[in-house]
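Try each task before you read its solution.

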Amino acid sequence: MLPKKRDAGEEERVVLGKKLRFEESNSLATVSKGQNLTMAGDGTPSGMEIDEDLHSRQLAVYGRETMRRLFGATVLISGLQGLGVEIAKNVILAGVKAVTLHDTGLVTSWDLSSQFYFSEADIGKNRALACVDKLKELNTAVAVSTLTEELTSYMLSHFQAVVFTDTVLERAVEYNEFCHTHKPPIPFIRADIRGVFGSVFCDFGPAFTVFDTDGEEPHSGIISSITNGNPTVVSCVDDERLGFEDGDMVVFTEVHGMTELNDGKPRQIKSTRPYSFVLEEDTTSFSSYEKGGIVTQVKQAEILQFKPLKEALRSPGALLLSDFAKFDRPPLLHLAFQALDGFVAEVHRLPHPASDVDANMLIKIARQINETAGDEKLDVLDEAVLKQFASGSSAVLNPMAAMFGGIVGQEVVKACSGKFRPIFQFFFFDSIESLPSQPLPLKDLKSLDSRYDAQVAVFGRQLQQKLEAAKVFVVGAGALGCEFLKNLALMGVACGKQGKLTVTDDDVIEKSNLSRQFLFRDWNIGQAKSTVAAAAATSINPDLRVEALQNRVSPETENVFDDAFWENIDVVINALDNVNARLYVDSRCVYFQKPLLESGTLGTKCNTQMVIPNLTENYGASRDPPEKQAPMCTVHSFPHNIDHCLTWARSEFEGLLEKTPSEANAFLSKPEQYKSSMKTAGDAQAREMLERVVECLITDRCITFEDSVTWARKRFEDYFADRVKQLTFTFPEDSTTSTKVPFWSAPKRFPKPLKFSSADPSHLSFLAAASILRAQTYNIPIPDWAYDAKMLAEVVDKVELPEFQPKKGVRIVTDEKATNLNPASLDDSVFIDNLIRTLEAGVKTFPPTFRLNAIHFEKDDDTNYHMDFIAGLANMRARNYSIPEVDKLKAKFIAGRIIPAIATTTAMATGLVCLELYKVMLGHPVEKFRNTFANLALPLFSMAEPVPPKTFKHGDITWSIWDRWVIAGDLTLRELLDWFTAKDLTAYSISCGQSLLYNSMFPRHKERMNRKVVDLAKEVAKLEIPPSRRHFDVVVACEDADGNDLDVPLVSICFR
């Protein structure tokens, strides 16, 4: 057993002690007179406070209100086999108030195929009792208890949601009836996985309210015109597509002229277009539109009327579709699961694997149910599918448990919070494509008396042996990586003598990881992710042969992940969180012809992509369009949304506190070299950087904390008063463009300067953060009074500032295509020389060891004032431009570029990928593979066959991205050209890396004809070939006899 986890929040209370003093003195945390109740900043009891460091990624998905609802929810999970424990894990990580685990059964060896908290030592113990302690470790803020007796309906009244797995139909109907009629109704979920088949049923009561159906931010637009009429046409600026749909409700704000629309009343729209819509309202009598205005979507609550299980079985309604190639499958599976319930009711057990007798009995029951189904009767029953269903129904497979554990876990969150649309009401799924192509003989399905027996009963002994001997490379040990390692360990992947699983991740564990990276505990914080994850996976299955590395997979580590490494791998599983890393791994898999199983998540969304050599396109073949970047002038002078303000604030943080101190240190460390580089550059960027260094070291150098306060106060005045005064002096409110259009037309917002007040908590909070960070830059001790609002205010109020006078002729960049706000000047070199002389004179008295402390942005440490500074900067700027402000958490999401992440989506994605791993090991054809996009919020599941690779053809030669032309021999350049000539191709250009080895246009290159290509590569391209490598690669540009360019494959020359 691992050591006991600390009480939640214990460490934070110690660390945050000083910071809280400042916040309390600002009334951000107060104690009411006569009470001992501490209140959070928004007035919620401290018992409901959210640990933002732990739950930041989850908060980005759910928001505070949903999280608070979860914190008050109690959940029952009945059945603790593979599916039940997956659901429990995800619900506990989500942070509900309490989870009760119910199971009357005992652990068997079959459970070890999918239940990651059971071991051989647990066989014969009660399932709930065997796993409760380990589930408690996931989140000590959740009260986890057990029930081991038979449930009564009355017991269900203590819960806000109940989940039943592996429950007979008779009891399920009884429990559901109680929940449906209870006041208030208790959301009821029944879920089962049978081999590669799965089923979910939800009944959240006769009138369940969904407060937010999709979890997306409300769409909004900046208005450019509104007509007076009936109907009314509203047009918006083409800055961004609106995203509205017909029937949406919207509200208007900040409209000038037609102020009647600013009444806050939601209005319905229709005829939506990318930048316009029609308002179903007569505005003929309204005032004429003048300018401005924001239109914002209003999210409407939805009330769903669920049927109880007994009624829904007879009349299921529309069934959720997952695979567009199997339109007719959901109704058949609805019948199959009913037939299985009938089978169990009759013989009190599940069908035996590959038993024709049992399969025929289930098919007979299915026919009987179908005959009495009325309007739901199926014309044809696919008995082959029913036979496969019966054969594997006794097995709980880990990939299915992971997938459905994610789906059902999310349904529990919906039930407890009203966030996102629930499954209404059935969802059925199968992965028949994962099964062996031919029926297996009974002997191949027989028990091995091992932990893999359940899997063997579905896939046979041969596949199990292949899995155990597999050599797998998992890239990443974060949220996806943890789930993958757990899945692979349970499946027996790399658990044989010939097998090996390599996992690599160069990151260490942080507190924010713990809410979804379930293999980690808080005592692992600071340790290497791959090492901890590998050890945890080994505890799940001691036979796992795993090696943990701490290397990033990149061109810089090709000495670690060399040719021999890649050639020895059977399959690669990506568990990465950035596109560039994915593209690099993809390129390696293409080069070495290795299957790549790719997946990614974003909040409730996930996608999986199977990259199979020669069968599918590679990951890099298709790219998402790049994110739209706001023009530089918009961010710096004309922001119109909070994202612009936060982008600017993050940039200022890095410039002031990281880049400038680093530059100053570069000068102090090697002054002559630094001066030379600045003079050589001699441009506007060099001048600007030198100006910042001079300011940092000379003109605004801080020696005492009071100096830091003065600097912060000057910054406030410069940012939020003086710059705005200069901008509005240069461009008055009534100014026009050269085309006589008002300069301050939408989306531009006319700003107003702020007047500093130490009585304004937001002003003082920004000053405190700025002063503390500035002092840290100069290694100045922070005095205690810096955390006391009253004392800080007294010091701030003593700072005297000169009155600002706007200047004429100041150039402010308004060109949206401009990439530099400081245009080049003929005098740049003169300014640089003067600045260098100022630096030289100013630092003469500095101690030789004097250096600044460059502060690197860290978003996940709530005690370091980084986000206080950035949020303060952004909100004050937003206040200048009358843009709605955001709290520090929302600022962290945007400025910290936090990727929303939750355990449920991660679990589902990895389950889907591992179902595809079966196909890889079985060598299935491309039509059996599936790529998936899913969104648990809607819910939406979309599966499709992978796209084949693009092929090229020349004569009788065909190739794709997967091909590489390998030429044996230590060739000369002439011999290489002749090799292409023999294929009726003219090679006119040959390059290695970034260097050109040959081009037919350069006469001097003909002198190289008789030289070895390998020698040219070493000499011209400076190629270093390790002794272990037998080949090197060149890129050849060719044309055919008609002069048409052809994209030929990469050419590998085996010179050794």
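Helices (H or I, at least four residues) and strands (E, at least two) are DSSP runs, numbered from the N terminus. You're looking at a predicted model, where local features need pLDDT of at least 70, side-chain atom pairs count only at pLDDT 80 or more, and totals for chains, interfaces and linings use all residues. Residues are numbered from 1 along each chain as its sequence is written, and side-chain values use heavy atoms, with hydrogens and water left out.

**Exercise 1.** Work out how many helices and strands the chain has, and check its radius of gyration against a compact globule.

Start with the count: the chain holds 29 helices and 31 strands. Next, the radius of gyration is taken over C-alpha atoms, and the globule rule is 2.2 Å times the number of residues to the power 0.38. For 1056 residues that rule gives a value near 31 Å, and the chain has 33 Å, so the two agree. Finally, the C-alpha trace spans about 95 × 95 × 65 Å along its principal axes.

**Exercise 2.** Find out which strands pair with strand 19, and where its side chains point.

First, the rule: two strands pair if DSSP finds at least two bridges between them. Strand 16 (residues 471-475) runs parallel to strand 19, with four bridges joining them. Strand 20 (residues 596-602) is a parallel partner too, over two bridges.

Now zoom in on Ile573. Val474 stands opposite Ile573, and Ile573 also stands opposite Leu597 in strand 20.

Then look at the side chains of strand 19 (residues 571-574): Val571 and Ile573 point one way, Val572 and Asn574 the other. In a regular strand the side chains alternate between the two faces of the sheet. Val571, Val572, Ile573 and Asn574 are all buried, where buried means under 20% relative accessible area, exposed over 50%, and partly exposed in between (1.4 Å probe, protein chains only).

**Exercise 3.** Decide whether His866 is buried or exposed, and list its contacts.

Locate His866 in helix 25 (residues 866-880). His866 counts as buried because its relative accessibility is 6%. Contact means heavy atoms within 4.5 Å; leaving aside neighbours within four places in sequence, His866 touches Phe653, Leu773, Ile855, His856, Phe857 and Glu858.
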